[in-house]
Amino acid sequence: MDRHPITQEGYDKLREEIRYLENEKMPEIAQAIADARAEGDLKENTEYHAQREAQGMTQAKINQLKTKLASCYIADKSNMPKGVVTFGTTVTVKDLSDGLEERYEFVGPGEEDYTGEVMKILTSSPLAEGLLNKKVGDQVEVEVPSGMLKLEIIKIDD
């Protein structure tokens, strides 16, 4: 299994989400199941079945987050090489087909965010893998699900 870098903040965020789900959400669901069970006939008790489904989905989320954490290691961005695209850097690239510029920050599992001005994308994504260890001025071709991208690295912020 490949191990992926994550910041201490990202690691703490995932641990807190697991703690919340295990120590707060699951007991709430267990209580709701007990309350629904007390209503009587379970065959036609939709509240009971809904809470059992919520319990299963919450447990699946907990398992997913624990698997994510198990595949990570805490990386210190200050120890990363300077002047090349690595975990924790923000890179500005120009799409050579249309001249548009985009900014990406390479992050670990649980830290991704595609809504900001600077998109935070996983270091394991095809785009990140194509750009990692490249320098300013390098031109790369990256195969992504929508096709082939031809990019030039304009700027790297360490």
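**Note on domains and salt bridges**

1. The protein divides into domain 1 (4-74) and domain 2 (77-157); these bounds come from an automatic or database domain assignment. The model is predicted: local features need pLDDT of at least 70, side-chain atom pairs count only at pLDDT 80 or more, and totals for chains, interfaces and linings use all residues. Residues are numbered from 1 along each chain as its sequence is written, and side-chain values use heavy atoms, with hydrogens and water left out.

2. The centres of domain 1 and domain 2, taken over C-alpha atoms, lie 33 Å apart. Nine residues from domain 1 and nine residues from domain 2 make the contact (heavy atoms within 4.5 Å).

3. About 740 Å² is buried between the two domains, and carbon and sulfur atoms give 66% of it. Buried area here is the accessible area (1.4 Å probe) that two parts lose on being put together, summed over both. On the domain 1 side, H4, P5 and T7 supply 54% of the area buried against domain 2, more than any other three residues.

4. What polar links cross this interface? Two residue pairs are in polar contact, both at pLDDT 80 or more. A polar contact is a pair of N or O atoms within 3.5 Å; within protein, one must be able to donate a hydrogen and the other to accept it, and residues adjacent in sequence count only if both atoms are side-chain atoms.

5. A salt bridge is a side-chain nitrogen of Lys or Arg within 4 Å of a carboxyl oxygen of Asp or Glu. The structure holds six. One of them pairs E22 with K66, closest N and O atoms 2.7 Å apart. E22 sits in helix α1 (residues 8-37) and K66 in helix α2 (residues 46-70), so the pair ties together parts 44 residues apart in sequence. Helices (H or I, at least four residues) and strands (E, at least two) are DSSP runs, numbered from the N terminus.

6. Both partners are partly exposed: E22 has a relative accessible area of 31%, K66 38%. The cut-offs are under 20% for buried and over 50% for exposed, with partly exposed in between (1.4 Å probe, protein chains only).

7. R103 forms a salt bridge with D157, at 3.5 Å between the closest N and O atoms. R103 is in strand β4 (residues 101-107) and D157 in strand β7 (residues 147-157), so this pair ties together parts 54 residues apart in sequence. D157 also meets K155 in a salt bridge (3.6 Å, N to O). K155 is partly exposed at 45%.
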